[in-house]
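Visitor: I would like to go through this structure step by step. Please show it first.

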Amino acid sequence: MQISSRFTIAVHIFACIDTFKDNYKITSDFLASSVNVNPVIIRKIVLQLRNAGLVETQRGSGGVTIAKALKDINFLDIYNAVECIEKGKLFHFHENPNCQCPVGRNIHNILDSKLEQVQNALENELKQITLAEIIKETQYYISEENKNKNNAIS
């Protein structure tokens, strides 16, 4: 199982919006140049984030802004916005286990609670990481990069 790249692209989008909000109009083309993907992909993810109330978009002139305080958006919010999980379930159970087989007849009894435990653990971990942390680290790495450039020039 692998979470799609939509999640990491969404986090990247948030980091760009916050980093460049004062100096650039944040459009899908602008974001696509940082993420290095087609702007159509960015527009789709931004739409999902907007539908979840995490970003706001300006029609016409363009521009994307973050709709909430960074500390109030966590990885689970982003994950739920962009990942297409069916009925809120991380695991999709195969449809028709053979009821004539002793394993097939009992597989739900065997796995359901364990899969729920795994999903709860993932969700709890995702809740612990906020965008505020990601933005702080983003600023740190950009600052360090700038220091290294300045030191190389000196």
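**Helices and buried residues**

Guide: Gln119 lies in helix α5, residues 102-128; helices are DSSP runs of H or I with at least four residues, numbered from the N terminus. This is a predicted model, in which local features need pLDDT of at least 70 and side-chain atom pairs count only at pLDDT 80 or more, while totals for chains, interfaces and linings use all residues. Residues are numbered from 1 along each chain as its sequence is written, and side-chain values use heavy atoms, with hydrogens and water left out.

Visitor: Is Gln119 buried or exposed?

Guide: Buried means under 20% relative accessible area, exposed over 50%, and partly exposed in between, with a 1.4 Å probe and protein chains only. The relative accessible area of Gln119 is 8%, so Gln119 is buried.

Visitor: How far apart in space are Gln119 and Lys25?

Guide: In sequence, Gln119 and Lys25 are 94 residues apart. In space, C-alpha to C-alpha, their separation is 38 Å.

Visitor: What span should α6 have?

Guide: The expected span is 1.5 Å times one less than the number of residues. Helix α6 covers residues 131-153. Its end C-alpha atoms are 33 Å apart, which agrees with the span that its 23 residues should have, 33 Å.

Visitor: Which helices do the buried residues of α6 pack against?

Guide: In α6, the buried residues include Leu131, Ile134, Ile135 and Thr138. Contact means heavy atoms within 4.5 Å. The buried residues of α6 pack against α1 and α4 (75-82).

Notes:
Axes are lines fitted to C-alpha atoms, for helices over the stretch in contact, and angles run from 0 to 180 degrees between N-to-C directions. Helices (H or I, at least four residues) and strands (E, at least two) are DSSP runs, numbered from the N terminus.
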